[in-house]
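Below are my notes on the model, as numbered points. Please read them with the structure open.

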Amino acid sequence: MKTLKINGASVSFTDGTTVAAAILSVETSSFRKSVSGESRLPLCGMGTCFECRVTIDGVRHRRSCQTPVEDGMEIGTD
């Protein structure tokens, strides 16, 4: 099990879970906001559309559908 924080809340997931799947499982309404302020969620799930970008360990614009969860990660959505 990997323990991480999503928007400050501690959660645990099994090895192999992607950050996108972890975020979706905690029922967030948005991964990020578009330049016009619209909520965005993953579209393709394979790293092509870039709609799943979040902040991981302080690094903005990481593709969550391509990133496996790691112990101690801190994930922030907009």
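1. Gly58 sits in the loop between β5 and β6 (helices, H or I of at least four residues, and strands, E of at least two, are DSSP runs numbered from the N terminus). With a relative accessible area of 64%, Gly58 is exposed (buried means under 20% relative accessible area, exposed over 50%, partly exposed in between, with a 1.4 Å probe and protein chains only). From Gly58 to Glu27 the C-alpha to C-alpha distance is 22 Å, for a separation of 31 residues in sequence.

2. On provenance: this is a predicted model, in which local features need pLDDT of at least 70 and side-chain atom pairs count only at pLDDT 80 or more, while totals for chains, interfaces and linings use all residues. Residues are numbered from 1 along each chain as its sequence is written, and side-chain values use heavy atoms, with hydrogens and water left out.

3. Asp57 is in the loop between β5 and β6 as well. Its phi is near 50°, a positive value in a residue other than glycine. Most residues other than glycine have a negative phi. Asp57 counts as partly exposed, at 47% relative accessibility. Phe50, in the loop between β4 and β5, also has a positive phi, near 65°. The relative accessible area of Phe50 is 38%, so Phe50 is partly exposed. Both backbone angles can be checked in the model.

4. The sheet is open and has five strands in the order β2-β1-β7-β5-β6, with mixed pairing (two strands pair if DSSP finds at least two bridges between them). At the edges are β2 (9-13) and β6 (59-63), each of which pairs on one side only. From one strand to the next the twist averages 40° (axes are lines fitted to C-alpha atoms, for helices over the stretch in contact, and angles run from 0 to 180 degrees between N-to-C directions).

5. Which strands does β1 pair with, and in which sense does each pair run? Strands β1 and β2 run antiparallel and are joined by five bridges; Ile6 has Ala9 as its bridge partner in β2. These two strands form a hairpin with two residues between them, and Asn7 in the turn has a positive phi of about 50°. Strand β1 (residues 2-6) runs parallel to β7 (residues 74-76), with two bridges between them. In that pair, Lys5 is partnered by Glu74 of β7.

6. The largest nonpolar core has 16 residues (a nonpolar core is a set of buried Ala, Val, Leu, Ile, Met, Phe, Trp, Tyr and Cys residues joined through side-chain atoms within 4.5 Å). The residues with the most contacts inside this core are Leu4, Ile6, Phe13, Val19, Ile23, Val54 and Ile75. At least two core residues come from each of β1, β2, α1 (19-25) and β5, and α1 gives the most, with four residues. Leaving out residues up to four places away in sequence, Val19 touches Val54, Ile56, Ser64, Thr67, Pro68, Val69, Met73 and Ile75 (contact means heavy atoms within 4.5 Å).

7. There are three salt bridges in the structure (a side-chain nitrogen of Lys or Arg within 4 Å of a carboxyl oxygen of Asp or Glu). One of them joins Asp15 to Lys2 at 3.6 Å, N to O. Because Asp15 is in the loop between β2 and α1 and Lys2 in strand β1, the pair ties together parts that are 13 residues apart in sequence. Asp15 counts as exposed, at 55% relative accessibility.

8. Glu51 forms a salt bridge with Arg32, the closest N and O atoms being 3.0 Å apart. This pair links distant parts of the chain, 19 residues apart, with Arg32 in strand β3 (residues 32-33). Arg32 is buried, as is Glu51.

9. Glu51 also forms a salt bridge with Arg40, with 3.1 Å between the closest N and O atoms. Arg40 lies in strand β4 and Glu51 in the loop between β4 and β5, so the pair ties together parts 11 residues apart in sequence. Arg40 is partly exposed, with a relative accessible area of 28%. Beyond its neighbours within four places in sequence, Glu51 is in contact with residues including Phe31, Leu41, Pro42 and Leu43.
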